Amino acid sequence: MAASTNAFEMAQRQFDHVAGLLKLDNSVCEMLRWPLREFHFRIPVRMDDGSLRVFNGYRVQHNDARGPNKGGIRFHPSETIDTIRALATWMTWKCAVADIPLGGGKGGVAIDPATLSVTEKERLCRGFIDQMWHNLGPRMDVPAPDVGTTPQMMGWMMDEYSKLAGAYTPGVITGKPLGGGGSLGRTEATGFGAIYAVREAMKYLGMDPKSSVAALQGFGNVSQYAAIGFREILGGKVACVSYWDRDDRTSYTVSHPDGVDPRYLMTITDQYGSISKEKARGAGYVIEDGMAWLSKDVDVLIPAALEGQITGESVGQISKRVRLLAEGANGPTTPEADEYLKQHEIFNVPDFLCNAGGVTVSYFESVQNDMNFYWTKEEVIQRLDTKMTQAFSSVLEMHTSEKVYMRDAAYMVAINRVVKAMELRGWL
Ligand code: NAD
């Protein structure tokens, strides 16, 4: 995230704005502006060389009026409590807008996982659960993977929880590996879900997907499947993707004159979403500055890396051709950039609607865990499409009936649902 952007302040500003539109009572705002619960803890980990390192861990539970808290665990070197608070808050709105019966949570550890060995990562994952397990559970709080965490890590965490709880409890965590309680379709879920939202937005805007070109930021889980979906589901072209290069400590945009082939690029990308520059160049790809993706002459922009990427300073670089901005990442656009998008009539599919596919299939995963009965990939993807299409349609209806910006419309749908659940439970 840009050093000057505090994600939680941004999440609160977005909320305050919509609370004003909805004329929410002050006491209701007090309930929703801040998380209900926060956990700050230290995780001691024995390193391979015998030394002991202590990591800072966080878990934030924003609001569980609609169901157990739900949200990923992030391993990232610049993780802060405010980023986690923001992400937990957005999870509340995301589950509500997707109309799944879950609340908002998020966790994280300030660490670059690429600096740890496999055994150190396993001990860190188990250590996170050792500190938090009393406050996690299928009916309390259900974590999942996020930036820097993988299905294998979720498998270790589920195992640690099951040992401590004394019972196999796959529903305590989602995004687990296949064969270890995971759901088919979870890997594709967020990227494909974003593409279903893009498809619906294109229908509304009268855009032809087959003649559309997209530029993506990031090349991790979300971006990889969004790029595949843009080509294979919509029939469009992907001009570029981008990634963070750990060796050079900078980001790069990777493009190809004929459009990128995400399936090929995945074969030269590591598990953290870093592409091999040398191999890409060898295959005719062009490597440019990390922010070059934003100024490409395209119809659709899909930021799918980190928060705070499209700011008041950078938003002016967007090409006049761009009609649609679909936020695969959480919080990629600052409020200043939003003003520019409104003025220039760039249609926005806001983050917690656009990337709700991940939590939707996570929810399907815990439903399958509870039933101990697993669906086919086709069933999962079909149900995902139905949920994303319904979610997009409820936000679009609010956007057109109330004549508000799409982000505000998504907030209005989500906040109304959370407030109603709090009223029905007698919290208000
Ligand atoms: P990931 O770790 O798999 O990939 C992140 C990608 O972003 C990598 O390719 C990395 O190199 C790149 N990146 C990092 N910093 C960058 C920079 N400054 N410029 C360009 N690229 C950069 O993460 P992910 O799971 O794909 O998540 C991406 C975003 O989507 C995050 O905001 C995350 O919170 C959000 N999200 C993820 C899911 C999910 O299911 N994975 C669900 C909802 C939202």
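Reply: Helices (H or I, at least four residues) and strands (E, at least two) are DSSP runs, and they are numbered from the N terminus. This is a predicted model, in which local features need pLDDT of at least 70, side-chain atom pairs count only at pLDDT 80 or more, and totals for chains, interfaces and linings use all residues. Residues are numbered from 1 along each chain as its sequence is written, and side-chain values use heavy atoms, with hydrogens and water left out.

Me: Which element gives the most residues to the shell around the ligand?
Reply: A residue is near a molecule or strand if one of its heavy atoms lies within 4 Å of it. The elements that give two or more residues to the shell around the ligand are α6 (186-205), α7 (221-232) and β7 (237-245). The one that gives the most, with three residues, is β7.

Me: How many residues of the shell around the ligand are charged?
Reply: Ala, Val, Leu, Ile, Met, Phe, Trp, Tyr, Cys and Pro count as nonpolar, Asp, Glu, Lys and Arg as charged, and the others, Gly among them, as polar. There are 26 residues around the ligand, and T190, F219, W244, G273 and N330 come nearest. The shell divides into 10 nonpolar residues and 12 polar ones, while the charged residues number four.

Me: What is the distance from an oxygen atom of the ligand to an N or O atom in the side chain of T190?
Reply: A polar contact is a pair of N or O atoms within 3.5 Å; within protein, one must be able to donate a hydrogen and the other to accept it, and residues adjacent in sequence count only if both atoms are side-chain atoms. In the side chain of D146, an N or O atom is 3.3 Å from a ligand oxygen, and a polar backbone atom of V222 is 2.9 Å from an oxygen atom of the ligand. For the side chain of T190, the distance is 2.6 Å.

Me: Which residue in the hairpin of β1 and β2 takes a positive phi?
Reply: Strands β1 (residues 37-46) and β2 (residues 52-63) pair in the antiparallel sense over 10 bridges, and R46 stands opposite L52 in β2. The hairpin has five residues between the strands, and the residue with a positive phi, near 95 degrees, is G50.

Me: Which residue in β4 is the bridge partner of R59?
Reply: β2 and strand β4 (residues 103-109) run antiparallel and are joined by six bridges. Q61 has G105 as its bridge partner in β4, whereas the partner of R59 is G107.

Me: Which residue in the turn between β7 and β8 has a positive phi?
Reply: β7 pairs with strand β8 (residues 250-255) in the antiparallel sense over six bridges, and V241 stands opposite V254 in β8. Four residues lie between the two strands of this hairpin, and the turn residue with a positive phi of about 55 degrees is R249.

Note on methods: Pairing = 2+ DSSP bridges.
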